[in-house]
Amino acid sequence: MFSLERDQDTICAIATSAGAGAIALVRLSGEHSIDVVRSIAPFIPVNPESHKIYYGYLIDPSTQQEVDEVLISHFAKGKSFTGEMSFEISCHGSPLIAQQIINCLIQAGVRLAQKGEFTYRAFKSGRIDLAQAEGVLSVIESQSAIGSRMALRQLRGQFSTQLHIIEDQLTWCLSRLEANLDFAAEFIEFAAVEEILERARSAQLNIQKMISSYKLGRTLRKGLKIALVGSPNVGKSSLLNCLSKQERAIVSPIAGTTRDVIEIDINIDGHSVTFADTAGLRTTQDQIETLGVAKTVQTIFDADVICYIADAIRTETFSLPEELFNIDKPVIHVMNKADLPNNMSLSESVGGLDLFIPLSAHTGSGLDILINKIREFLFVQHEENSIVITSARHYELLSRADEHLSRAIALLIDNASPEFIISEMNEVLRACFEILGKQYDDEVLDRVFKDFCLGK
Ligand SMILES: Nc1nc2c(ncn2[C@@H]2O[C@H](COP(=O)(O)OP(=O)(O)OP(=O)(O)O)[C@@H](O)[C@H]2O)c(=O)[nH]1
Ligand SMILES: [Mg+2]
């Protein structure tokens with residue numbers, strides 16, 4: 001996508017989103033930007049001051065007509081986002097005016113930037129590393145207040161700092177192992193295996209913490225998906241309707257009413273939470289219902305959280321069905337139809353009843369407790385200042401680092417020859433370098449920047 005020979009070009013793009021707004025912003029970056037900007041904005045001095053705003057009228061050089069009244073900010077080389085000399089032209093928010101400015105700049109010899117090219121240049125000039133570049137995208141895309149705070153931390157380099165700490169720990173281990181290797185013949189040991197092990201374990205702990213934050217990171221980015229699951233007739237569809245405050249799903253006293261999965265989205269504190277109503281779990285001769293049950297199993301698989309619903313007047317629904325045995329997902333237990341005279345208190349034979357949230361889809365009682373329980377999945381796992389990774393690329397590379405580090409630690413414990421340990425640790429370092437973009441191939445860059453918008 002990007003090419004070295006084009007990296008020297010001066011580039012421009014509209015940075016604000018399409019459509020009319022109060023103002024629009026045109027960005028210009030590159031070595032020749034001063035000549036280009038002065039050709040359409042003669043009021044800019046030959047040596048403009050960095051971080052200063054200049055006011056005046058833009059002139060189309062081909063017609064000598066005024067294009068717009070503008071404010072132009074200047075950022076000197078080394079002091080701008082891209083690291084290059086840059087200008088930002090704030091004009092009136094008509095898409096036509098912004099386009100006209102772009103046309104003037106192109107006539108003056110500037111090229112239109114590709115998607116993400118400003119951020120790419122910031123990365124290339126060493127202003128930010130690759131993980132921070134990805135943070136820029138996350139900030140733009142973030143859907144919730146927490147998500148944007150998290151992305152901002154990544155952009156400011158908190159994630160990168162953590163990786164640098166891991167890098168330091170590994171480099172320390174590697175230098176000791178190499179010294180041990182060099183002087184092995186003389187039986188001099190520069191660092192005891194215990195010391196190296198301690199650092200390696202501490203690095204691994206950091207890596208594993210970040211890996212385990214991925215699930216939450218994805219949830220914060222994409223929203224939480226909750227499957228409403230249980231036996232037929234327990235009131236799953238009624239609960240879905242109660243949550244969405246409308247008659248989305250058919251409710252009937254006939255067991256096996258729902259066949260297709262019905263989804264609704266609701267907003268909890270700025271987070272998108274999707275509830276999926278499913279066919280009741282049972283073995284049946286009905287072909288269509290069997291297909292519905294297969295869809296339920298798939299929905300259980302896709303969901304982040306399972307909401308298991310029991311029927312307060314049917315004790316046989318109190319224990320989890322086999323489809324939910326050994327599943328590696330949180331389960332919220334709901335006891336529906338709590339409005340009916342029930343025998344919940346009598347059924348002490350069924351263990352874990354206190355786990356259930358008593359609820360009535362008919363009256364809405366207990367719904368607030370269920371929503372609060374869901375809030376826990378959105379917030380509690382997240383310490384305010386902890387690093388939460390959201391990118392699949394980071395997750396894969398950290399998992400790779402973790403595997404190699406596990407092997408290195410096992411070899412250390414076995415007192416294996418240092419060269420084997422060194423080789424594993426080098427792989428860990430390589431994974432960290434790839435996250436930060438210290439080592440990359442063009443395909444990785446293309447993948448990272450393909451989702452960016454124009455002007456960023
Ligand atoms: N009293 C009472 N009845 C309820 C409640 N929730 C559901 N019902 C009734 O229980 C019956 C089944 O409700 P549904 O919502 O269709 O149950 P379901 O779990 O979706 O059933 P399937 O789609 O067949 O699996 C209906 O007659 C509902 O009116 C509740 O909170 N209280
Ligand atoms: Mg139903």
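Student: In α12, which residues are buried, and on which side do they lie?

Tutor: This is a predicted model. In α12 the buried residues are His 394, Leu 397, Leu 398, Ala 401, Leu 405, Ala 408 and Leu 412. They cover an arc of only 95° around the axis, which means that they lie on the same side of α12.

Student: Why do residues three or four places apart point the same way in an α-helix?

Tutor: The reason lies in the turn of the helix. An α-helix has 3.6 residues a turn, so such residues point the same way.

Student: Which residues are exposed on the other side of α12?

Tutor: The buried residues of α12 pack against α4 (130–141), α7 (193–212) and α13 (418–436). On the other side of α12, the exposed residues are Ala 392 and Ala 410.

Student: How far apart are the end C-alpha atoms of helix α12?

Tutor: Helix α12 comprises 22 residues, 392–413, and at 1.5 Å a residue it should span 32 Å. In agreement with this, its end C-alpha atoms are apart by 31 Å.

Student: Which are the edge strands of the open sheet of 6 strands?

Tutor: The sheet has mixed pairing and the order β8-β9-β7-β10-β11-β12. An edge strand here pairs on one side only, and this holds for β8 (262–268) and β12 (357–358).

Student: Which helix gives the most to the shell around ligand 1?

Tutor: The shell residues divide into 8 nonpolar, 12 polar and 3 charged. Of the 23 residues around ligand 1, those that come nearest include Gly 235 and Ser 237. With 3 residues, the helix that gives the most to the shell is α9 (residues 236–244).

Definitions and conventions:
Residues numbered from 1 in each chain as written. Chains lettered and ligands numbered in written order. Predicted model: local features only at pLDDT ≥ 70, side-chain atom pairs only at ≥ 80, totals over all residues. Near = placed C-beta within 6 Å. Helix = DSSP H or I, 4+ residues; strand = E, 2+ residues; numbered from the N terminus. Nonpolar A, V, L, I, M, F, W, Y, C, P; charged D, E, K, R; others polar. Expected span 1.5 Å × (residues − 1). Buried ≥ 20, exposed ≤ 12 C-beta atoms within 10 Å, placed from the backbone. Arc of directions from axis to C-beta. Contact = placed C-beta atoms within 7 Å. Pairing = 2+ DSSP bridges.
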